[in-house]
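Subject: Structure for you to look at

Hello,

Here is the structure I said I would pass on. My notes on what was found follow below it.

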Amino acid sequence: FLSQHNTQKAIEEFRAAVSADPSDPAAHDGLGVALAESGLNEEAVGEFKEAIRLSSEFAPAHFHLALA
């Protein structure tokens, strides 16, 4: 959905993914990206930090946090 620039749908899908598996760093990172693209930067930063907390070596979350 992000590649289609449908950030609202992406946020919904990633929120569902986080709900289904709260321990998945990729789901938190994806949600963070969608939130950031929607201008919700504070919320996005929280998701990136959660992804890093879950897996400190999850490089995409570190990269996205640096950009946020």
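This is a predicted model: local features need pLDDT of at least 70, side-chain atom pairs count only at pLDDT 80 or more; totals for chains, interfaces and linings use all residues.

Helices α1 and α2

Helix α1 covers residues 7-20 and helix α2 covers residues 25-37. The crossing in which α1 passes α2 is left-handed.

On the α1 side, the contact is made by T7, A10, I11, F14, R15, A17 and V18. Their partners in α2 are A27, H28, G30, L31, A34, L35 and E37. Sorted by type, the residues of this contact are 9 nonpolar, 3 polar and 2 charged.

Helices α2 and α3

The next pair is α2 with α3, where the axes come within 8 Å and cross at roughly 165 degrees. An angle over 145 degrees counts as roughly antiparallel, so α2 is roughly antiparallel to α3. This crossing is left-handed.

From α2, the residues in contact are P25, H28, D29, L31, G32, V33, L35 and A36. From α3, they are N41, E43, A44, E47, F48, E50, A51 and L54. The contact of α2 with α3 has 9 nonpolar, 3 polar and 4 charged residues.

Helices α3 and α4

Helix α4 runs over residues 59-67 and packs against α3 at an angle of about 150 degrees, with 9 Å between the axes. That angle makes α3 roughly antiparallel to α4. Here again the notes give a left-handed crossing, that of α3 and α4.

V45, F48, K49, A51 and I52 of α3 make this contact with A61, H62, H64 and L65 of α4. By type, the residues in the contact of α3 with α4 are 6 nonpolar, 2 polar and 1 charged.

The nonpolar core

Which residues make up the largest nonpolar core? There are 10 in all: A10, I11, V18, A27, L31, V33, A34, L35, A44 and F48. Helix α2 gives the largest share, 5 residues. As background, nonpolar side chains tend to be buried together in soluble globular proteins.

L31, for example, belongs to the core, is part of the α1 and α2 contact, and takes part in the contact of α2 with α3. F48 is another core residue; F48 meets α2 as part of the α2 and α3 contact and is also listed in the contact of α3 with α4.

L35 is worth a separate look. Leaving out residues up to four places away in sequence, L35 touches I11, R15, L40, E43, A44 and E47. Of these, I11 and A44 are members of the core, as is L35 itself.

Some individual residues

Is E42 buried or exposed? E42 lies in helix α3 and is exposed, with a relative accessible area of 77%. E42 and G32 are 10 residues apart in sequence, and their C-alpha atoms are 9.4 Å apart.

E50 is also found in helix α3. It is partly exposed, at a relative accessible area of 22%. E50 and H28 are 22 residues apart along the chain, with 6.7 Å between their C-alpha atoms. Both E50 and H28 are listed in the contact of α2 with α3.

In helix α1 there is K9, which is partly exposed with a relative accessible area of 28%. K9 is 25 residues from A34 in sequence and 9.0 Å from A34 in space, C-alpha to C-alpha.

Q8 lies in helix α1 as well. Q8 is partly exposed, and its relative accessible area is 49%. From Q8 to V18 there are 10 residues in sequence and 15 Å in space, C-alpha to C-alpha.

Regards

Note on methods: Residues are numbered from 1 along each chain as its sequence is written. Side-chain values use heavy atoms; hydrogens and water are left out. Axes are lines fitted to C-alpha atoms, for helices over the stretch in contact, and angles run from 0 to 180 degrees between N-to-C directions. Helices (H or I, at least four residues) and strands (E, at least two) are DSSP runs, numbered from the N terminus. A crossing is left-handed if the near helix is turned anticlockwise from the far one by less than a right angle, and right-handed if clockwise. Contact means heavy atoms within 4.5 Å. Ala, Val, Leu, Ile, Met, Phe, Trp, Tyr, Cys and Pro count as nonpolar, Asp, Glu, Lys and Arg as charged, and the others, Gly among them, as polar. A nonpolar core is a set of buried Ala, Val, Leu, Ile, Met, Phe, Trp, Tyr and Cys residues joined through side-chain atoms within 4.5 Å. Buried means under 20% relative accessible area, exposed over 50%, partly exposed in between (1.4 Å probe, protein chains only). Angles under 35 degrees count as roughly parallel, over 145 as roughly antiparallel, 65 to 115 as roughly perpendicular and the rest as oblique.
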